[in-house]
Amino acid sequence: MPNEQDQPKTVKTDDASGRGTVAGFKVPFPGRMQPYTEEEINVVVEVMRNAEAQTQGAYLRQFEADLKAYIGANHAFAANNCTNALTLASILCRVGPGDEVIIPGYTFCATAIPFGKTGAKIVWADMDRDGWLADPNDIERKITERTKVIVVTHLLGMPANMPAIMAIAEEHGLLVVEDCAQCPGGSIDGKKVGSFGDFGCFSFHGAKNKTTLGEGGALTVRSDEDAALVPGLRHYGARPYPPGRERYWVPCMGNVDIDIEGVWPNNFTVGEAQCALGSVALKDLDRTNDTLIAQAMKYRAAFADIPGLSFQKIPEGYRHVFHTFVMHFDGSAFGKDRNDLLDILINEYKLRCIAQYYPLYHYPLFQKLGAGEHACPVLDEWWNNSFSLPWYVGHSDETIDYVISAVRAAVATLKSE
Ligand SMILES: Cc1ncc(COP(=O)(O)O)c(C=O)c1O
């Protein structure tokens, strides 16, 4: 039986992340991925007691230096969430009406919305049958003379095939934005995601592998020119007064100024407590990821002999950090499908499984906004039979064993019916 102690005491029963524990389920699926460490709690209190600035102070500068070093990026900026990091990237890509942006059909909606809002046309990339992420061959097929940007998502914790995608982008002169929200610390041959493309966008939302008090994000930037624009775009164009002015107070609101034609600046900044926490959390990220990887490997080994169940194929050299644990179930050999399996897992074994992510072009939001057109046959076929297990870094061995026995029993029931 699942262990009640898996459930952190402070987790509430609902949460806008959609991960909130729902009454009646046996396996905890709390609203955040990990309990805070004592060091993380202490640093937030320390900022509350002693920080000189509440925002854009020494902790922001330290967090950005830590992110840059950890990711191996040329430049790193903290932001208040990944959606706004993607918004900053979309602005810096200078896309708009008449441009095309290739985006995976299989990703969370926040990958696409900032680009859709620019007025550019979204062209959906199909998934690759083995890795379940954007297929470089399909990306290349969909490039036209209007294509300006390729957006890739390292979804579920697995790095996308960046060597292939960067080679395509270089050949066609395209920008690359990496959505790293679900893959902090993921890497290919030791090179971290967020350091391949022109921009990398990270999330420290509560449901992510590490969080900065529920919300948070970061943007990595390759070019020095673009990096110079981020502080202004992120904070109303405000910048320090030029030194040596006789009357520093003219104009007295700060120098609101933006170097990109036609762009409104915004406030995408993040407070000092979250930055201080971010620096400490970053030190713990590899350990958290190792725990998630170990849990995932336990499931993969335990399910390896179950007919019809399959997993993402992880290429040699890829560090997949298992933000979620998604499987595919092909029960056609015995006339069953994913929904039959979930009916049993959810109703009989009380496992809060979910089917995610619905291909974005099927959502009315994207269809109404003119982004319903698609040619993604692999994703269309695959999606109907994918699902994820309840997933949380603190699951006990007992809970994991319960999940394993439930999945094994449910498939056996389907086979025998
Ligand atoms: C792939 C992906 N991109 C972007 C986001 C948006 O992140 P945030 O909530 O920090 O804006 C998420 C969050 O779930 C995500 O999973």
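1. The C-alpha centres of domain 1 and domain 2 are 28 Å apart. Domain 1 covers 38-281 and domain 2 covers 285-416, with bounds from an automatic or database domain assignment. This is a predicted model, in which local features need pLDDT of at least 70 and side-chain atom pairs count only at pLDDT 80 or more, while totals for chains, interfaces and linings use all residues. Residues are numbered from 1 along each chain as its sequence is written.

2. Where the domains meet, 31 residues of domain 1 are in contact with 29 residues of domain 2 (C-beta atoms, placed from the backbone, within 7 Å). On the domain 1 side, α4, β3 (121-125) and β6 (187-188) each supply at least two residues, and α4 gives the most, with three. Helices (H or I, at least four residues) and strands (E, at least two) are DSSP runs, numbered from the N terminus.

3. That side of domain 1 divides into 15 nonpolar, ten polar and six charged residues. Ala, Val, Leu, Ile, Met, Phe, Trp, Tyr, Cys and Pro count as nonpolar, Asp, Glu, Lys and Arg as charged, and the others, Gly among them, as polar.

4. β6 also belongs to an open, antiparallel sheet of three strands, ordered β7-β6-β11. β7 (191-192) and β11 (318-319) are at the edges with a single partner strand each, so one side of each has no neighbour in the sheet. Two bridges join β6 to β11, and pairing requires at least two by DSSP. Ser 187 has Arg 319 of β11 as its bridge partner.

Notes
Contact = placed C-beta atoms within 7 Å.
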